[in-house]
Amino acid sequence: MCNNGQQLRITAITSGATAYGNGTPRGTWHVYAKQRNTTLYPSAGGAYPVKYWVPYNGAYGVHDSSWQHFAYGRSLYRTRGSHG
């Protein structure tokens, strides 16, 4: 996480289920909203209730994933990760 070009925090994440072509787009993005307690509806189907949603590029954003039961950053996210 950065602010005005200064790195503020580092943490393990998932950047999408790349094994299924659902990788997160690379680039420099800017947050345009912050929402709590919403539901995400990915184009692949399903409904995912999240406590935190921070969109930064159309349908892409940062969110929690309480339905996952393995640590962030593990290789399982290549096949069971986010939709992008």
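Colleague: Leaving aside neighbours within four places in sequence, which residues is H83 in contact with?
Modeller: This is a predicted model, where local features need pLDDT of at least 70, side-chain atom pairs count only at pLDDT 80 or more, and totals for chains, interfaces and linings use all residues. Residues are numbered from 1 along each chain as its sequence is written, and side-chain values use heavy atoms, with hydrogens and water left out. Taking contact as heavy atoms within 4.5 Å, H83 touches N22, P42, A44, G45 and Y48.

Colleague: Is H83 buried, partly exposed or exposed?
Modeller: H83 sits in the segment after α1 (77–80); helices are DSSP runs of H or I with at least four residues, strands are E runs of at least two, and both are numbered from the N terminus. Buried is under 20% relative accessible area and exposed over 50%, with partly exposed in between (1.4 Å probe, protein chains only). The relative accessibility of H83 is 34%, so H83 is partly exposed.

Colleague: What separates the C-alpha atoms of H83 and H30?
Modeller: Along the chain, H83 and H30 are 53 residues apart.

Colleague: Nice! Now the strands: how many bridges join β4 to β5?
Modeller: Two strands pair if DSSP finds at least two bridges between them. β4 and β5 run antiparallel, and the number of bridges joining them is 4.
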